[in-house]
Amino acid sequence: MADDQRVSLFDDSEDGSVSTDQTEPRRKRLRDRWLLLSVVGLLVLLLGTAAGVVGWYGKSIYDALDSVDRQPSMLPSQNRPSPVATPEGQDHAPVNLVLMGTDQRAGETARGRSDVLMILHIPADRKKVYIISVPRDYWVSIPGRGTAKINAAYSWGGPALTLATLESLLDVPMDHVALINFEGFVEVIDTLGGIAVYNRHDSTIDGTHFPVGEVELDGQTALKFVRNRYGLPNGDLDRAERQRDVIKAVIEKLVSADVLTDPVRFNEAIVELGSQFTVDDTFTSQEMVDLGLSMRITGGSDVVSLQAPTAGFGTSSDGQSYVAVDTDGLADLAEALRNDTMDAFAGSQ
């Protein structure tokens with residue numbers, strides 16, 4: 001990005017001029033445009049538009065970006081798919097970000113397996129964000145290791161092997177990766193004053209009852225809500241859906257009027273959120289800002305939640321229960337990711 005373009009981070013208008021209008025329409029524009037600078041800067045917030053950010057929130061953004069941990073060797077080093085081309089008539093190529101959480105608990109030294117695996121796909125026109133959950137028990141071929149559940153890739157080779165597995169499955173490059181600390185979300189959610197999600201399945205987890213319908217969650221109850229899979233009709237698939245719902249609820253609360261118009265509360269939440277991520281060292285603060293500024297999402301309806309195609313459940317020869325891959329459906333997903341046709345793919349699901 002050129003130096004004369006960078007100043008637009010602190011502008012509130014499309015042409016780069018600084019607006020001094022303090023009316024409600026300006027707050028609405030700011031809320032809409034903020035969705036992704038909050039999100040993209042911190043990965044999980046990758047769900048909104050960002051034509052500019054007013055000056056008094058600029059420091060919060062950079063504080064949050066500076067609090068993101070960046071690590072080398074998180075991307076595959078060889079045998080990667082060819083880059084996705086920029087579609088005709090577009091200024092950008094599609095972007096794929098892999099969001100991972102692990103089952104490693106505080107105090108543990110072993111790497112553990114990946115407990116959360118999602119692809120955040122941003123199309124070339126930047127008008128939507130697709131959150132695609134990949135089941136942790138997906139039975140796949142892991143490069144150099146044979147066939148196993150996909151969450152074993154993280155245990156054997158960390159983020160790089162996990163991304164290599166996804167790239168081998170889809171023949172589509174994964175541009176960046178972020179590890180998320182779901183335990184840290186406790187502090188973020190409490191700072192926001194709690195969140196509301198729609199619960200599809202009645203369940204009781206460690207003495208906390210989650211009835212069907214909208215439920216209010218604080219940090220601790222949200223952690224229970226996203227971790228448990230037992231007692232849910234579709235097990236891990238339903239848990240993954242809950243994880244997507246909580247991520248979206250955090251985003252919506254962060255850019256709600258009562259948080260966005262409270263600079264102290266906003267700053268505390270955004271900086272706390274940034275500290276919960278570790279990303280590959282090629283995903284620089286400036287690249288996050290550039291991606292955020294390119295987004296053109298106008299509301300929550302532009303965030304599309306999907307599940308990678310599955311074909312039921314199976315049992316391996318050594319007795320492991322797994323989620324079977326729908327090979328035809330996965331081929332359709334791969335084609336949509338590479339050809340920038342995710343809108344049509346999502347509409348067919």
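Is Asp 340 buried, partly exposed or exposed? Asp 340 is partly exposed, because its relative accessible area is 22% and the cut-off for buried is under 20%. Before I go on, please keep in mind that this is a predicted model.

Let me stay with Asp 340 for a moment. The residue sits in the loop between H11 and helix H12, which covers 342-347. Its phi is positive, about 60°, although Asp 340 is not a glycine.

Arg 126 also has a positive phi without being a glycine, with a value near 65°. You will find Arg 126 in the loop between S3 and strand S4, where S4 is 129-133. Here the relative accessibility is 5%, so Arg 126 counts as buried.

Now the chain as a whole. There are 349 residues, and 54% of them are buried. The secondary structure consists of 12 helices and 15 strands. Take the contacts between residues at least 6 apart in sequence: 66% of these join residues at least 24 apart.

Next, helix H6, residues 219-227. Which residues of H6 are buried? They are Gly 219, Thr 221, Ala 222, Leu 223, Phe 225 and Val 226.

On to H6 and its partner H7. Two packed helices are described by the angle between their axes and the distance between the axes. For H6 and H7, the axes cross at roughly 145° and come within 7 Å. On the H6 side, the residues that meet H7 are Phe 225, Val 226 and Arg 227. On the H7 side, they are Arg 239, Arg 242, Gln 243 and Val 246. Sorted by class, this contact has 3 nonpolar, 1 polar and 3 charged residues.

H7 itself runs over residues 236-254, and Asp 245 belongs to it. Is Asp 245 buried or exposed? Asp 245 counts as buried because its relative accessibility is 18%, and the limit is under 20%. Leaving aside residues up to four places away in sequence, Asp 245 touches Val 197, Tyr 198 and Arg 200.

Last topic, the cavities. How many cavities of 30 Å³ or more does a search of the whole structure find? It finds 3.

The largest cavity holds about 60 Å³ of space. Its lining includes Asp 115, Val 116, Leu 117 and Met 118, as well as Asp 236, Arg 239, Ala 240 and Gln 243. Strand S3 (114-122) and H7 are the elements that give two or more residues to this lining. By class, the lining of the largest cavity has 6 nonpolar, 2 polar and 4 charged residues.

The second largest cavity has a volume of about 50 Å³. Among its lining residues are Ile 119, Val 134, Tyr 138 and Ala 308. Helix H4 (152-170) and helix H11 (327-339) each supply at least two lining residues, and H4 gives the most, with 3. How does this lining divide by class? It has 9 nonpolar residues, no polar ones and no charged ones.

Terms used: Residues numbered from 1 in each chain as written. Predicted model: local features only at pLDDT ≥ 70, side-chain atom pairs only at ≥ 80, totals over all residues. Heavy atoms only, no water. Helix = DSSP H or I, 4+ residues; strand = E, 2+ residues; numbered from the N terminus. Buried < 20%, exposed > 50% of the residue type's maximum accessible area, 1.4 Å probe, protein only. Contact = heavy atoms within 4.5 Å. Axes fitted to C-alpha atoms, helices over the stretch in contact; angles between N-to-C directions. Nonpolar A, V, L, I, M, F, W, Y, C, P; charged D, E, K, R; others polar. 1 Å grid on protein atoms, 1.4 Å probe; cavity = no way out; pocket = protein on both sides within 12 Å on 5 of 7 lines; lining within 4 Å. Points joined across faces, edges and corners; volume = space filled by probe spheres on them.
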